[in-house]
Every structure is written in structure tokens, then in C-alpha cells.
Amino acid sequence: MKPFRIIIGAALATSLALGATAAQPTWSAADLKTLHGLWIGELGPPPPDPSNRVADNAAAAALGGMLFSDKRLSANGQVSCASCHQPDRAFTDALPTGHGVGVGNRRTMPIAPAVYSPWQFWDGRADSLWSQALGPVENPVEHGFTRLEVARRLAAQYRDAYESLFGPLPDMTDHGRFPLRAAPVGAADARAAWAGMTADDQVSVNRVYANFGKAIAAFERTLKVRPGRFDDYLARVFAAPGPQARLSSDELAGLRLFIGKGQCATCHNGPLLSNNGFANTGVPARSDLPTDPGRAVGVRAALTDPFNCKGAYSDAPNRCDELEFVVVDSPAQVRAYKVPSLRGVAQRAPYMHAGQFSSLEQVVDHYSHAPAAPDGTSEIKPLDLTADERRQIVAFLRTLDERPAPSPKPR
Amino acid sequence: MPSFSSAPRRSLVRHALCGAALLATVVFAGSAMAEPKGLDLSLDRPSDQGVFRVRIRSQAAPIPMSRVHQWTVHLTDKAGLPISGADLTVDGGMPEHHHGLPTAPRATPVGTPGDYVISGLKFSMRGWWEMKLAIKAPDGRADRITFNLVL
């Protein structure tokens, strides 16, 4: 596109954005390219996960769905994945940091967008959904459970479903060989019990534990990110079939700031409004929590995780491009956190990796001031947004609200 | 193919043209970035100091978005003689967004004279990317080259 036409297009759009009525603005060619990339219509099926043989198996998803909300998989019988990842709150919990058996140091993340991401957790310390699922179960402040207890639960409650997918469970009746409660991490008694097991028995329990994660991952892969009014607006811009909508002049101005002056789309791009990368954005550290170096430590943990893509429990240890070519030891990884999807963001306060901000207004103020990072270097330069501009960005973010889930079919 | 712009009404165009000069600064600050004009998009050209000639090509077409993939490199000297056994270091990023590559790609020889493969490249968004190669031939000659990709 010639610069002359860009000027016309953009000036036209600007004059329309300034004007009150809802005539459709004309976007520049570069704008349209960015906007097309943000459209949910661009979101294909989840990328394949060859490390999980049952990733797209319906029976595995059904089993995973039951495990996801089974509270018996916890030390006190009261915590399931769904306790924190609540289906009616976009799989989050409206808390600054997660509450399980105890209180954690990080904020609960939505699940549906994670299905598209090569790295899990705020620091990306897991390289697949299935290896991610193994973390919370043995985390003393989340489920506070152990992998041996998981294996026993599967044997007692889910044997048929499990065995038809993964083959026979080990015979765990000999409590000398298979203690009731044992894990290589977590509480001292559980670690001591684990250390007393033979290497072969440890491997067979690890295999069951990995399969447990793979079934949960299969369930998570069925969760859908739902479109919002923003997508209906883009459907209108791109003359696509389906519902179409206009945006208000504030919302349009906010969108223009988001892809322009605000440079938000540098990181929040693609149909999930995340590049699935990690960035230090100078989010303040919470003084009541331990030091958190973010991705700098997370990447090391992913590389040494026995349940990673290259490990003994992976179904495709030779197809691990992300792990194989991961960036390590970069100064940019200090206090860098996963760029979150902004789909439905207004519907799930609070924000940031430890719930540092309670409203979108506070988030946008943060970007406007761009304080220095508590450690490492923030990638954000001060934007000095006016009060109007801040309001407009928030108005735009609300157009990403997800449409309600289709109600279950009446019987 | 969806149509990207609705036909603007004439009066609006005139109105916009009048305001264009005034608005130009605002406009450019307020739009998504377009890559600079006149970028050399050639993927087959001499290195910075003319020491080598380098040709690169994505093994996947079109160049995939957000997926790790491979490129092939063909390296020759000025005269077109293939150079094997060179050391290639890959770097790059998005100059307008001040970020590097999201992965750490590596170049390795493939066996045929002058041929290498770059594994582990990933582009995480559309726009202007640079791919930089630092090249060191076995005889000590060294040079660099920066390719521009607009995705």
C-alpha cells in the first residue's frame, strides 16, 4: 500500500474515531494485517502434542474430565483442579494467588488458552499440558497429594477406563513394595517412602502418574476459547459470515491505541492476544512473597523435568523442537513471565502473576507509568497515556469478553 | 478472499485529505507499524563485505507462524564456489519491537558442498523480522549478513 493511501486511510479513521457516530473506520494495510491476526477466526485446532499419545482421544478426555474435578485426589479430600480452575470463572478463582490445601505464591491461570501454548505456568517450567498437570497434585499447598496415592485412586475408582487406554495398572497390593503414600518431592515422610522403593517400581508408578496427566491434558484440549464482540466487529471489517457488530468510538480508539501507540500487540498478538512468549514488564514484586525470578528459573526446571518431552515418559522424545531450541541464560528472562491471553480478561480479575492488580484500570496505569522492574529490565517504556486514552484501552479490553458458553442441551 | 476495506464515501475522502497534513503525526503514532519502505527482501545475495554469497529458503511454505521449522542455507564464495565446514551463528528478531528470536536456532552442515540447515527457527508474530548470520569459513574468512523477512 502506498504511503499516500495509508495517510488517507488512517486520517479517515482518525477523523471518524474523533467523531461521535459509528461509521466504520478505514484501517491502514498494516493495521488490517495486525487486526486479521487478532481475529479468533485465525485460531485453528490446538497444535498436535505427539508427546501425548492420547492427546486427542475422546475416552481419555472423558476420564480426564472426571479426574479434573475429583476432590479425592487431595490430602484433605477437598481440593480438585476445578477448585481453583472453576469452569464458571473462565477456569480461574478470582483470588490474587491460588488457595488449595494452603495458599500459593502465584495467580491461577485460565486453561483454554493454555492448550495452544508450548510452555505452561507463569514461568513456563512445564513443556506440555500433561507434565503441567503433575505439578499441582504434589504441591504441598495445592493438592498436597502423592503419585502413589494417585495410582491407588485410579486403581480403586477408574481402573477400567484407565486400563482400556493405557494397559494394566501395576499390582500395588504389597505395601512393602508400594507404600500408601510416596513421592520424590513434597513432605519428608512421602520422600522417605519413595526412596525406599526399587527403581523399577518407581518407574512403573511414574508411568501411571504420567498417564494420569495425559488423560487430564486430553480433557483440557477439549476446552474452547469463546469469541467476543471484538470478533464480531472483525467479522464486519473482513466481511465474514456470522454475527457482526460495531464498536463504540471509545472502543475503537482503544483498539487503535492497543495496536498502535500502546504497542500492546507487540506481545499480545495472534488470536489469543498472546505471542506465547515471556517478558519482563516491570510488574512490582509482592513484599510478602519469596523472590520470584520468573522464566530465568522456569526454563531450567523445564529442561531437568523427568516428565518433559525428551524424558522416559514422553511418547515422542525425538520430536521436542521447543525444548531442543529453547532460549536459556538470557538476561531478558529475569522476572519474565508468560504473556497471558487477554481473551475474557475483564471477566477474571485480579491480574498478573501474583494478583498484583485488582482492576484493568490499574493494569493500564501500570503500562502508562512503566516503573523500573524490581529485578532484571522491564521491556515497557512509559506511554504517558491521558485519562481518556486509559479509559479507551479498558473499553477495548472489555470487547474481548467471552460470549457465555452454550447452555447444555435439554434432555 | 474477504474484502478488507469498504469503499469510502467521497466527501469523507476529501474531508480526510484536508485534515491529513495536520493529522499526519498523530496518525503515524496511532497506527500499527508497517515495515520501512525499500527493505531488501532478497534471500540470495552477497554478505555485508561481499566475502560470501548466501542463499536461504524456508523448508516450509508458506513460512509457518508460531511453529518451529527449518531453513536451508547455501553458502559460496564470491565466485560461486561452495564453502563447506563453515561456522554459522544464527541471530535475529524484530527491530521495531526490540525483541530477539523466541527460540535459539542452530545451523549444521547437511553433507553436500556449501549446504547447511538451520533448525529451531520460530516466528511468533506477523511483521518485519531480521535473520542474521555470522559466517566463519574454515580458512578464516568471516562476514555477516542480515536478511529481511516480512511475514
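**Exercise 1. Where is Pro62(B) placed in chain B?**

Solution. Start with the ground rules. This is a predicted model, in which local features need pLDDT of at least 70, side-chain atom pairs count only at pLDDT 80 or more, and totals for chains, interfaces and linings use all residues. Residues are numbered from 1 along each chain as its sequence is written, chains are lettered from A and ligands numbered from 1 in the order in which they are written, and side-chain values use heavy atoms, with hydrogens and water left out.

Step 1. Pro62(B) sits in the loop between strand E2 (52-58) and strand E3 (69-77) of chain B. Helices (H or I, at least four residues) and strands (E, at least two) are DSSP runs, numbered from the N terminus.

Step 2. Check the bond. The peptide bond from Ala61(B) to Pro62(B) is cis, with omega near -5°.

Step 3. Turn to chain A. A cis peptide bond joins Ala349(A) to Pro350(A), with omega about -5°. Pro350(A) lies in the loop between strand E2 (337-338) and H14 of chain A.

**Exercise 2. Describe the packing of H3(A) with H9(A).**

Solution. Step 1. Two packed helices are described by the angle between their axes and the distance between the axes. Axes are lines fitted to C-alpha atoms, for helices over the stretch in contact, and angles run from 0 to 180 degrees between N-to-C directions.

Step 1. Read the values. Helix H3 (residues 58-68) and helix H9 (residues 199-220) of chain A pack at about 100°, with axes 7 Å apart. That makes H3(A) roughly perpendicular to H9(A). Angles of 65 to 115 degrees count as roughly perpendicular, under 35 as roughly parallel, over 145 as roughly antiparallel, and the rest as oblique.

Step 2. List the contact (heavy atoms within 4.5 Å). H3(A) brings residues including Ala60(A), Leu63(A) and Phe68(A), and H9(A) brings residues including Phe212(A), Ile216(A) and Phe219(A).

Step 3. Sort by class. The contact of H3(A) with H9(A) has 10 nonpolar, 2 polar and 1 charged residues. Ala, Val, Leu, Ile, Met, Phe, Trp, Tyr, Cys and Pro count as nonpolar, Asp, Glu, Lys and Arg as charged, and the others, Gly among them, as polar.

**Exercise 3. Characterise helix H15 of chain A and its contact with H11(A).**

Solution. Step 1. Check the span. H15 (residues 387-398) has 12 residues and reaches 17 Å from its first C-alpha to its last, close to the 16 Å expected at 1.5 Å a residue. The expected span is 1.5 Å times one less than the number of residues.

Step 1. Find the buried residues. In H15(A) they include Glu389(A), Gln392(A), Ile393(A) and Phe396(A). Buried means under 20% relative accessible area, exposed over 50%, partly exposed in between (1.4 Å probe, protein chains only). Their cover includes helix H10 (229-237), helix H11 (249-259) and helix H14 (360-369) of chain A.

Step 2. Take the H11(A) pairing. The axes of H11(A) and H15(A) come within 7 Å and cross at roughly 95°. The two helices are therefore roughly perpendicular to each other. Among the residues in contact are Asp250(A) and Phe258(A) of H11(A), and Arg391(A) and Leu397(A) of H15(A). By class, this contact divides into 8 nonpolar, 2 polar and 4 charged residues.

**Exercise 4. Is Asp329(A) buried or exposed?**

Solution. Step 1. Asp329(A) counts as exposed, at 60% relative accessibility.

Step 1. Check the backbone. Asp329(A) has a positive phi of about 55° although it is not a glycine.
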